[in-house]
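Hi,

Here is the structure I promised to pass along. Have a look at it first, and then read on for my notes.

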Amino acid sequence: MTTTTLAEATMPGAEAEAEADQLREVLEHYWEHDWTDGLPVVPVTEGYLARFLATVERDPEEILFTITHLNRHLTVRLAAINAAMAGCRPEYFPVVLAAWEAIAKEPHPARGIWQSTTGTAPFLVVNGPVRGEIGLNSQGNIFGSGFRANATIGRAIRLGLINAFGLHPHKLDQATQGTPAKYSACIAENEEQSPWAPLHTDYGFDASESVVTAYVIRSVMHIEARHTMDPEQLALDFVDTIRRTGSLIHEYTSALLVLVPEHADVFASAGWSKDDLRNFIFEHATRPRSELVAVGKDALSHKTRWRLSSDHPDSMPDTAAASDTPDTVRVLSHPTSIQIMVAGANNAGVSAVVEVFTLNPPRVQPFSYSRIGAAGH
Amino acid sequence: MDSTLSPRPVSLRGLTIGLLDNTKPNATMLLEEIAKELQEHHGAGEARLYTKEYFGTPVAERLLEQIVDECDIVITAVGDCGSCSAATVADGIMFERAGVPTVSITSDSFLMSGQAMATVQGFPGFDFYAVQHPVASLSADEIRERALTALPEVLRILGVEG
C-alpha cells in the first residue's frame, strides 16, 4: 500500500498535466468546429462509429433527410456520428434512425422551418417494447432531465441539424427565442398506466411494434387540474390553453395533449374514448370574434393568411367570417388537430398541452411516424 | 459556383420590372411602391407582379424561367423571417445567374441569415438590401417611407445612377 501526502494529491505532476491537456484538446476540438449545442460532446472514432452502424441493416450512405434549398443531406452515417456525439448508446441508434425517417415525412422541416423566427423544435414520442429495452422514461419528470435514452436520442437530432445542415443559431437558424426543447425533446408513452390503447395503435400498428412519432412543436404548457373528477370541467381547462390567441399565427392551431394517468382515468372512467375527448375539445375550442378584435387578430393577410387586424392594409376576412356563425371563430380545423397520449407519474393532476406548429393549410394529422427497425430503401 | 453578377443596365428606361412577392404581409405594397418610383422618376417600363408559392424556400424553377423570360430586372421582397430571408437571397442569386439584375430585399434583422445563405449558394458577399425592421406591422404610409428610403440602394445594386 502506498501513502500520498495531501500536497502530492493536489499538486498535479507532469503526467497529470499532460493528461488534462489531452482531454481538453479533444473536448475543445468540437467546440472550435461549432460541432456542439453548447454542451460537451462525446468524441467519435471510426471504431466507435462502427458499433452504431452495426445496430441497423442499412447502407451508411443512404440518405435519410434532405433540405434541398440548403444543398445538404443527412445520411445514415451522419445520423450515427451525431447520435454517438450526443451520448447515445449504440443500441439507441435504431430509434434515432426511425426518428429521422419520421422527421423527413414532416412537411415543415424540409421547407426551412428550423431557420424560422418562430423557433420550433423537433419533438419525439416513442411507443412500444423498445421503451423498456433501452430504458426510456415515461413515468415522472418526462420533460425534465435524468434519463440517458430520452436525453441523448433527442439531442442526437439537434446535433444532426447543427452539423449536417448547418443550422447554427444567429446564422441560418434565426429563431427569435427558440425553446428549451431545442436541446432535446424525446418522451415515451406511459402505456402501462394508460386506460386507452397506445398512441401508435391509433395509426394501425400492433402494440408489440415500436414506433417513433415526430412533431414540430413550440411550447409545452402545463395544466394544473387537481380539483375535479368531472370530465367536462377537466376538458374545458385544457380548451382554455389550446385556444389562447398567442399561439395563432394562422387561422388554426393544433396540440398534443400529454395526459397524466390520473387525468386520463377521469375521462376513461366516465366512458370517454380518445375520440370523445378530441371531439369535445374541437367543439369548444372557439373564440368570440370580439376577443380576436381585442388582440388585433380578427382577419387574415391576403397571401400568407397570417392572422392580423382587419385595420391592417393587407387584411381580408377569415374563414369564419363567411360561415353561418361569423362571430364564433374556431381555432382548430379538424378534431384530429388534437392528439392524445398518456405520460408522466401517476401522482397528481398535472398534464401538459404541447403546441404543434401549424402553418397554412392546416393538416388533418399534424405529425409523422416511422417504425423502429424497418428495412431500408 | 458562379459568383459574378449579371451585366448591369445603363438606365432603367423602358425596362420591364419583375416584382416577386414572397407572400409576406406588406410585401406587395412595398414592391409596388418601389416600382412606382422607378417608373415615375427613372423611366422604367411595365411592372409585373409574381407571387411565390411558399416564402420559406427558393422560387420554383418554372416561375423563375417565366420571370427571366418576361422581365429585364427583378425586385423581390420581403425576407423578414428566418427561412424567407435566406430564400429571398437565394432567389436573387438564382436570377443573377440567369442573367437578370436583381435586388433582394430582406429586413435588417436578418443580415446574418441572408449572408449565410449566400455562402451556402456559393456566392459569398452577394449584395442585397436590408430594409429597416419591421415591415409586416406597418401602415400604408410607413411602407411608402420604407420604399423611398430603399430607392438609392435599389438603384445602386442595379448599377443605375440615381
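Predicted model: local features only at pLDDT ≥ 70, side-chain atom pairs only at ≥ 80, totals over all residues.

**The core of chain A**

Let's start with the hydrophobic packing. The largest nonpolar core has 64 residues. Those with the most contacts inside it are A:F93, A:V96, A:W100, A:L124, A:I153 and A:F165. Helix α5 of chain A (residues 93-105) gives the largest share of this core, with 9 residues.

Leaving out residues up to four places away in sequence, A:I153 touches A:C88, A:Y92, A:V95, A:V96, A:L124, A:I134, A:L136, A:R148 and A:C186.

**Helices α3 and α4 of chain A**

Next, α4(A), which spans 76-86. This helix is mostly covered, with 8 of its 11 residues buried. The buried ones are A:V76, A:A79, A:A80, A:N82, A:A83, A:A84, A:M85 and A:A86. What covers them? The cover includes helices α2 (14-32), α3, α5 and α8 (148-165), along with strands β1 (63-67) and β2 (72-75), of chain A. Just after α4(A) comes A:G87, with a positive phi of about 100°.

Helix α3 of chain A (residues 46-53) has A:L49, A:F52 and A:L53 as its buried residues. They sit on the same side of α3(A), because they cover an arc of only 95° around the axis. The elements that cover these residues include α4 and α5 of chain A.

**A loop residue in chain A**

Where is A:P129? A:P129 lies in the loop between β3 (121-127) and α7 (130-134) of chain A. Its relative accessibility is 34%, so A:P129 counts as partly exposed. Neighbours within four places in sequence aside, A:P129 is in contact with A:A207, A:S208, A:E209 and A:S210. As for A:A84, one of the buried residues of α4(A), A:P129 and A:A84 are 45 residues apart in sequence and 23 Å apart in space, C-alpha to C-alpha.

Strand β12 of chain A (residues 338-342) is mostly covered, with 5 of its 5 residues buried. Both faces are covered: A:I338, A:I340 and A:V342 are buried on one side, and A:Q339 and A:M341 on the other. Strand β6 (residues 254-259) of chain A pairs with β12(A) in the parallel sense, over 5 bridges. Within that pairing, A:V258 has A:M341 as its bridge partner.

There is also an open sheet of 3 strands in chain A, in the order β9-β8-β10, and its pairing is antiparallel. Its edge strands are β9 (307-308) and β10 (315-317), each pairing on one side only. Strand β8 (residues 299-301) and β9(A) are joined by 2 bridges, and A:L300 stands opposite A:R307 in β9(A).

**Strand β4 of chain B**

Buried or exposed? β4(B) is largely enclosed by the rest of the structure, because 6 of its 6 residues are buried. B:T102, B:S104 and B:T106 are buried on one side, while B:V103, B:I105 and B:S107 are buried on the other.

β4(B) runs parallel to strand β3 of chain B (residues 73-79), with 5 bridges joining the two. B:I75 stands opposite B:V103 in that pairing. The chain gets from β3(B) to β4(B) through helix α3 of chain B (residues 82-97), and this β-α-β crossover is right-handed.

β4(B) is also parallel to strand β5 of chain B (residues 129-131), joined by 3 bridges. Here the bridge partner of B:I105 is B:Y129. Together with helix α4 of chain B (residues 111-120), β4(B) and β5(B) make a right-handed β-α-β unit.

B:T102 counts as buried because its relative accessibility is 0%. Its side chain reaches the backbone oxygen of B:V100 at 2.9 Å. Setting aside residues up to four places away in sequence, B:T102 touches B:R8, B:V74, B:T76, B:G92, B:F95, B:E96, B:I157 and B:L158.

Cheers

Conventions. Residues numbered from 1 in each chain as written. Chains lettered and ligands numbered in written order. Heavy atoms only, no water. Pairing = 2+ DSSP bridges. Helix = DSSP H or I, 4+ residues; strand = E, 2+ residues; numbered from the N terminus. Core = buried A, V, L, I, M, F, W, Y, C linked by side-chain atoms within 4.5 Å. Buried < 20%, exposed > 50% of the residue type's maximum accessible area, 1.4 Å probe, protein only. Contact = heavy atoms within 4.5 Å. Polar contact = N/O pair within 3.5 Å; in protein donor to acceptor, adjacent residues only side chain to side chain. Arc of directions from axis to C-beta. Right-handed = clockwise from strand over helix to strand, strands pointing away.
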